[in-house]
Amino acid sequence: MHNPAPSPAAASPTDGDCSGHRRRHRNAATHGCTRPRTTHRQRLGTPHTCSLSRASEPVAGDCDFGRVVDGKLLTRPVWRLLTVSPHVAESIASALGAEPQRRLANGLEQFEVVAEKANLRVVIENADRLTGQMKLWDSRGLAHHCDGRAFLSPEADAGHPCGCPPTMAERRARARAGQGPQPITTLLFHLAGCPNVGSFRFRSSSWRFAEGVQRIRTQLATVGDAALCELAIQTVEFPTQNGRRVCYHKPVVKVLGPWASSAALSLAA
């Protein structure tokens, strides 16, 4: 999180070629496990800036990677942050050495700050700030919503087994066959260079990112408190059998250790 471009939030670009083309797809097939369907149409679009479950801490903005060119968000190894707050935009732009730009995104005029960096230093408060869900849509809306083990919605099904395979490889194969949901990974973090402006939200539909969620959560839990992390865009290149060069960009989170709020830390790794 994919979202129509330009997007105010961070469904991350999926695998694509080096030109920045973004593959977007949604399964319209029914998942192998049946259940009542929701009546409200939902999509993996990025929500407007809103409050977290903790009402005292609003989301300051959204984060994804790429660059808007001719009105389209193209995959590029640079981080972009969007916020409706001019104060937040000025703060993060100053920390990143960038200039905020006005951007109409998802029906809202927002401020976009593009960091010309593939790595950002961020603070993740705890393991619960990184979550993974699985969603499948059909023509009527959200057809399947789970965490890979149990349904998350609708309320009548929440907590019951969802019928998804136990491994990510099996889930991915089912999704490719049009029979299963896609991952949605959400990360909430503070920028290390200006942690007091509030949380930013990064969303990704990358299978590779989703496969590492449990490992990262374990590392965050081991820290036991707020952790200093590196949020990076990794570029992977390989040749195909016909000799064509293919590359894609994937998000990576590296847990560096406990966060010391008094330390003077740069946003850039």
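Buried means under 20% relative accessible area, exposed means over 50%, and partly exposed lies in between (1.4 Å probe, protein chains only). This is a predicted model, in which local features need pLDDT of at least 70 and side-chain atom pairs count only at pLDDT 80 or more, while totals for chains, interfaces and linings use all residues. Residues are numbered from 1 along each chain as its sequence is written, and side-chain values use heavy atoms, with hydrogens and water left out.

## Aromatic pairs

Phe202 has 0% relative accessibility and therefore counts as buried. Trp79, also at 0% relative accessibility, counts as buried. Rings of Phe, Tyr and Trp (its six-membered ring) pair if their centres lie within 6.5 Å; planes under 30 degrees apart count as stacked, over 60 as edge-to-face and the rest as tilted. By this rule there are six aromatic pairs. The ring centres of Trp79 and Phe202 are 5.5 Å apart and the planes stand at 80°, so this pair is edge-to-face. Trp79 lies in strand E3 (residues 72-83) and Phe202 in strand E11 (residues 199-204), so the pair links distant parts of the chain, 123 residues apart. Helices (H or I, at least four residues) and strands (E, at least two) are DSSP runs, numbered from the N terminus. One aromatic cluster is formed by Phe65, Trp79, Phe202 and Phe209.

Strand E2 (residues 59-69) has nine of its 11 residues buried, so it is largely enclosed by the rest of the structure. Two strands pair if DSSP finds at least two bridges between them. E2 runs parallel to E11, and four bridges join them; Cys63 stands opposite Phe202 in E11. With E3, E2 pairs in the antiparallel sense over seven bridges, and here Asp62 stands opposite Leu82. E2 and E3 form a hairpin with two residues between them, and Asp70 in the turn has a positive phi of about 55°.

In strand E10 (182-191), 10 of the 10 residues are buried, so E10 is largely enclosed by the rest of the structure. Both of its faces are covered: one side includes Gln182 and Ile184, the other includes Pro183 and Thr185. E10 pairs in the antiparallel sense with strand E6 (residues 119-124) over two bridges, where Val123 has His190 as its bridge partner. E7 and E10 are also antiparallel, with six bridges, and Met134 stands opposite Pro183. Five bridges join E10 to E11, which run antiparallel; the bridge partner of Phe189 in E11 is Phe200.

## Nonpolar cores

A nonpolar core is a set of buried Ala, Val, Leu, Ile, Met, Phe, Trp, Tyr and Cys residues joined through side-chain atoms within 4.5 Å. The largest has 34 residues, of which Trp79, Ile92, Phe189, Leu191 and Phe200 touch the most other members. Apart from this core lies another of nine residues, among them Met134, Cys146, Ala175 and Ala210.

## Helix H2

In helix H2 (residues 168-176), the buried residues are Met168, Arg171, Arg172 and Ala175. Seen down the helix axis, they fall within an arc of 100° (taken from the directions from the axis to the C-beta atoms), so they line one face of H2. Gly178 follows H2 and has a positive phi, near 75°.

## Salt bridges

A salt bridge is a side-chain nitrogen of Lys or Arg within 4 Å of a carboxyl oxygen of Asp or Glu. The whole structure holds 11 salt bridges, including those in this table.

| Salt bridge | Closest N and O atoms |
|---|---|
| Asp62 and Arg201 | 2.6 Å |
| Arg103 and Glu112 | 3.0 Å |
| Asp147 and Arg149 | 3.6 Å |

Asp62 in E2 and Arg201 in E11 are 139 residues apart and link distant parts of the chain. Asp62 and Arg201 are both buried. Arg103, at 22% relative accessibility, counts as partly exposed, whereas Glu112 is buried at 5%. Asp147 counts as partly exposed at 24% relative accessibility, while Arg149 is exposed, with a relative accessible area of 60%. Asp64, Arg80, Arg103 and Glu112 are linked in a network of salt bridges.

Methods: Contact means heavy atoms within 4.5 Å.
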